[in-house]
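Me: Please go through the terms used for this model and say what each one rests on.

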Amino acid sequence: MADYTEMWKSLGIDVENHNALLAGLGQAYTDIFLSQKNRPEGMKYFDFVVSEVHGLRIKEIMDAKAQGKKVIGSYCVFVPEELVLAVDGVAVGLCAGAELGFEAAEELLPRNTCSLIKSMFGFKLGKLCPYVESCDVIVGENTCDGKKKAYEIFRPLVKDLYVMDLPQTKSDAGRLMLKEEYRKFIAKLEQETGKKITVQSLKKAIETVNAKRKAMIRLAALRAADPAPISGLDALLINQVFFHDDPARFTDSVNKLCDELETRVKEHKGVMPKGTTRIIVSGCPMAVPNWKLPMLIETSNAVIVGEESCVGERGTRWLTEIKGNTVEELLDAITDRYFNVDCAVFTPNPSRVNHVKEMAKNLHADGVLHYSLQFCQPYIIESGPVEKELENSHIPTLRLETDYSQEDAGQLKTRIEAFNERLKKK
Amino acid sequence: MRYAGIDVGSRTVKLAVLEDGRLVSSRTSATSHNPLGIARDLLKGVEYDRAVATGYGRHLIKGHLDCPVVTEITAFVRGSRFFSTECRAVLDIGGQDTKAISLDENGNLKKFEMNDRCAAGTGRFLEVMATALGFTLEEFAAAALTAQKPEKINSMCTVFAESEVVSLINQGATRNDVALGIHKAIASRSAGLLRRVATDGKIFFAGGVALNPCMRVLLEKETHRHVIVPPDPQIVGAVGAALVASDPL
């Protein structure tokens, strides 16, 4: 890796702590990812991306900024990348997947706050995330109550926080509200960049993002094969890189990987032996570098074949239909696409569990592991009915509640292994 | 053929040996800071053809004794069926963990729940509370059984509960009533965990806390279900592991 110290300094990064973070991340990556057997060749690109996630990618973003482009950061799949690309902006997902800077975060937030929110503050307060520091605008979204209130405290910490409101019901009023929020967001983007969204720019942006999602849908479908052609850890990593990488290059790399996986499937080659227990992970998102649970699962003689998560199918499975010849009509299409997202903040939210059932069937899963972050009320509360519904449909389900710490790794491993023992008995 | 099961728990290491489907010997020892050494000591002079490890330290044992592992959950399922073919639910309250497990009619693992990472309501919790009241564990259970009316204990966090106990004693509550209150709190929490996995059927009560006679009485009251306590509830996991070792390869 080149020396990026000057670039990080110019962004206001705490270089010493950041070096320690990168060293820890590098070690974890070696232990968790590079130690896997039978990895596809195509993963080399993603290994490279991770090795340069705070380096080369940030340099590209800084170069784009030097050319006058604006960088828009976000924390949620409800923020449409299409709109950012349509004003020639750079869209980046922001860091929130590690237990970093929690002491500082707890000076501003209650201790009993979910790790995702605490981590968002931790990365900012610890000056550890070059993505946050390079943003011209950070978009917050009122998904859960935790985030909604946390953004009030977050606002003075960053240069420009733009908060988007979100509906909580799948009603006509809810859809209208989402569309209005997207309309306001367009105004904000146009004001920030000095560029107007046109039918042409928006169509092009939708095509770019659709292509990216199509590649992810293709990848998701290939995992139905037994033996699984790719590990769940690697697939999760690709879903995580989805939020950071240049969209066109990312799409190309995922498609290349899928070509290789198709060959593997034809040749019945996989990362683990045929007949390995197949698990779907459903629930809260796993931001980089939150790899604890998948690592525990895949070192317990099981393979993850799907992620029903915002960092997973909930973020990728719908495309935006390119219909209409006005920005207004295209905005309708975008609203329709995003209004499908079955986040647990919606009430009621039946399509989510239906989708898990569908995934279990299509991907030939043996069981579902429901993952909730501690203090994430929407997902924890929904986990009860989800478990009940899945078990009633003869899909064995294990509910786990955890955070970003490692202190419960032993107990989680026992539960996961016991769940696998239950599945093998079938 | 002789089969050994080693259950390395957080507080106790247990060994059980089966021959021709019969339990021929068992040993237990405190885990200490050296679980591997304790396990080796327990195995000294013991002859067996195959062994399986379970419990907290199973992966440690696996690395050193080159034997397969099975989780405590499966080990307790198998072990409970060895002692009782009619139970459909297992409650294991060990040193650090409480597990509630349900079994299907063939004795297969159906569903399980565990306490969270904290040792609230487990054996360790009882030990700390007994000490806070100046009892040995035996005295503690006996005192609870003779109590008049339980003092309500609200917290299941060991440290909070300890201060609650101190404050109750300072308000003039009797040691026996506080002791009963603590037992009731654990019984009620365990019953809740059990209801989440199985709402009816006999309960097989295993693990070190099943040695406490007051806990069994309270569990029956709390669940309105029959509670079976085996002669040596601590070795159920080790017996289960030995049964797994005896499975055809």
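Reply: By class, 31 nonpolar, 10 polar and three charged residues line the largest pocket. This is a predicted model, where local features need pLDDT of at least 70, side-chain atom pairs count only at pLDDT 80 or more, and totals for chains, interfaces and linings use all residues. Residues are numbered from 1 along each chain as its sequence is written.

Me: What makes a residue nonpolar, polar or charged here?

Reply: Ala, Val, Leu, Ile, Met, Phe, Trp, Tyr, Cys and Pro count as nonpolar, Asp, Glu, Lys and Arg as charged, and the others, Gly among them, as polar. Of the 44 lining residues, A:Leu116, A:Thr143, A:Cys144, A:Lys147 and A:Pro285 lie nearest the centre of the pocket.

Me: Which helix gives the most to the lining of the largest pocket?

Reply: α9(A), with six residues. α7 (115-125), α9 (145-154) and α18 (377-392) of chain A each supply at least two.

Me: Why are α10(A) and α16(A) called oblique to each other?

Reply: The axes of α10 (residues 172-193) and α16 (residues 327-339) of chain A come within 10 Å and cross at roughly 120°. Angles under 35 degrees count as roughly parallel, over 145 as roughly antiparallel, 65 to 115 as roughly perpendicular and the rest as oblique. The pair is therefore oblique.

Me: Which residues of α10(A) and α16(A) make the contact?

Reply: With contact meaning heavy atoms within 4.5 Å, they include A:Arg175, A:Tyr182 and A:Ile186 of α10(A) and A:Glu328, A:Asp332 and A:Phe339 of α16(A). By class, this contact has seven nonpolar, two polar and six charged residues.

Notes. Chains are lettered from A and ligands numbered from 1 in the order in which they are written. Side-chain values use heavy atoms; hydrogens and water are left out. On a 1 Å grid over the protein atoms alone, a cavity is a set of points where a 1.4 Å probe fits but cannot get out, and a pocket is an open set with protein on both sides within 12 Å along at least five of seven lines; lining residues have an atom within 4 Å of a point. Helices (H or I, at least four residues) and strands (E, at least two) are DSSP runs, numbered from the N terminus. Axes are lines fitted to C-alpha atoms, for helices over the stretch in contact, and angles run from 0 to 180 degrees between N-to-C directions.
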